[in-house]
Amino acid sequence: MFEVSDRAFAERVTEEDVAISRDGRVMEVLSEHACHGWLEGYTLTGRHGWFATYEAFAMVSASQTVQHAKWLQEAHDLAWRVLVPSLNILLTSTAWRQDHNGFSHQGPGLIQNVITHRGTISRVYLPPDANTLLSVADHCMRSRSRVNLVVIDKQPQLQWLTMDEAVVHCTRGAGVWPWAGTEDVRSDPDIVLACAGDVVTMETVAAANILRERLPHFATRVVNVVNLMTLPLRTVHPNGMEDILFRELYTDHVDVLFAFHGYPGAIHQLVHGRPDPDRFHVRGFVDEGTTTTPFDMVVRNRASRYHLVIDALNAARRTPAGASELKAWCEQQLLRHERYVVEHLQDMPEVRDWSLGDWAEQG
C-alpha cells in the first residue's frame with residue numbers, strides 16, 4: 001500500500017516521518033465511527049474506498065452500516081439520485097484467529113446485521129483464499145450503491161483456486177469442488193459438506209480428506225460458498241440461486257453439514273424455504289473463545305475437522321462399514337489435541353502443518 005500512497009496527515013511532517021504526507025490517500029485512526037463516516041462521505045462524492053477493521057469491532061459502527069444501507073435503499077427509489085460507489089467493509093482479525101487478543105475480540109455479528117438488509121443493497125462475501133478475495137474485491141469496487149461486507153482473515157491462508165478458477169467460482173457465488181470430494185457424479189452423495197469462510201473451508205477440506213482416506217466408499221460432495229446471499233430464495237434476495245442450481249449443489253434430500261464462519265443461526269435463516277431446510281446441520285461460531293491456538297478455536301466451537309467427520313457420519317442416511325472406528329479415532333484425536341495444546345502451547349504438527357499438498361500426495 002505504501003509503495004503507492006502515504007498516510008494522510010494534516011499536521012507538520014518532519015524528515016523522520018515515514019509514509020506520511022499531506023497528499024497521502026491512506027486514512028488511518030483507531031476509531032471505527034470516524035473511519036466509517038470518512039468512507040461514507042468519500043463514496044457519496046463519487047470516489048472509491050475500503051473500511052478495514054477487526055471483525056469484532058465492526059459492531060462499534062454497526063448502526064452506521066445499517067443507516068447507510070437504509071439511505072441507499074431510499075435513494076434507490078428516487079430517479080434523480082445517481083448511483084454512488086458502494087460502501088466496502090473489509091473485516092479481518094476474525095473470530096477464528098485471535099491468537100493474542102482472545103475472547104474480547106471474537107465476534108462475527110456484523111454478518112447477522114447485513115443479511116437482514118434489503119436484497120437490493122446488501123451483499124456478504126466470504127472468500128476462502130487470496131485469489132477469490134481479489135475477484136470479490138474487483139467486483140465490489142465496480143459495484144454501485146451497495147453495502148459489501150467482505151470477511152477474510154489477514155493471516156497466511158492456503159490457496160485453493162487459480163485466478164481463473166476463482167473468477168468463475170466467485171461469479172457463480174458457490175460451487176462444487178470435485179477434487180475435494182469422493183462422490184460418483186452419476187448418483188447423489190452420502191453427505192454434502194458445505195462451507196463458507198476461510199478457516200472453516202480448510203477444516204471442511206481436511207474433513208473430506210479424512211473421509212477419503214479412511215472410508216473411501218463413503219461418498220462426499222464439497223460445496224464452497226463465496227457469496228452468502230446465494231442461499232436464500234431468489235424471491236428473497238436477487239443473488240439467491242435458482243431452484244435448479246440450488247438442487248444441483250445441495251440436492252433436495254441429502255443432509256448438508258454446513259461449516260460456517262459466523263453464528264449458525266444465520267444459515268438457518270437464509271435457507272428457510274429451500275427444499276427440506278431441516279436437513280441443514282450448521283457448525284459455526286458459538287461464542288466459545290479465549291487466547292489460544294488457531295485449531296483450539298475450531299475445537300472449542302465444535303467446528304474442527306474431527307467434529308465435522310463425526311457429524312457427517314451421524315447425519316448421513318447410510319452408515320458405512322468402519323464408521324464406529326473412525327468416530328472413535330476422531331474422539332481420540334480431540335483428546336490428544338487437548339493434551340498437546342496445553343503441554344506445547346501450539347497445535348499438533350499434523351494440524352499445524354497440514355496443507356493442500358498433503359492432500360494431493362495422499363489423494
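Axes are lines fitted to C-alpha atoms, for helices over the stretch in contact, with angles from 0 to 180 degrees between N-to-C directions. Helices (H or I, at least four residues) and strands (E, at least two) are DSSP runs numbered from the N terminus. The model is predicted: local features need pLDDT of at least 70, side-chain atom pairs count only at pLDDT 80 or more, and totals for chains, interfaces and linings use all residues. Residues are numbered from 1 along each chain as its sequence is written, and side-chain values use heavy atoms, with hydrogens and water left out.

Next, select helix α2 (residues 62–76), which lies across β4 and β6 at about 140° to β6.

Now show the strands. They form an open sheet of 4 in the order β3-β4-β6-β5, with parallel pairing (strands pair if DSSP finds at least two bridges between them). β3 (50–54) and β5 (122–125) are the edge strands, each with a single partner, so one side of each has no neighbour in the sheet.

Move to R221 and E183, a salt bridge with its closest N and O atoms 2.8 Å apart (side-chain nitrogen of Lys or Arg within 4 Å of a carboxyl oxygen of Asp or Glu). R221 is in β9 (residues 220–225) and E183 in the loop between β7 (174–176) and β8 (191–196), so the pair ties together parts 38 residues apart in sequence.

Finish with D255, D276 and R317, linked in a network of salt bridges.

Note on methods:
Contact = heavy atoms within 4.5 Å.
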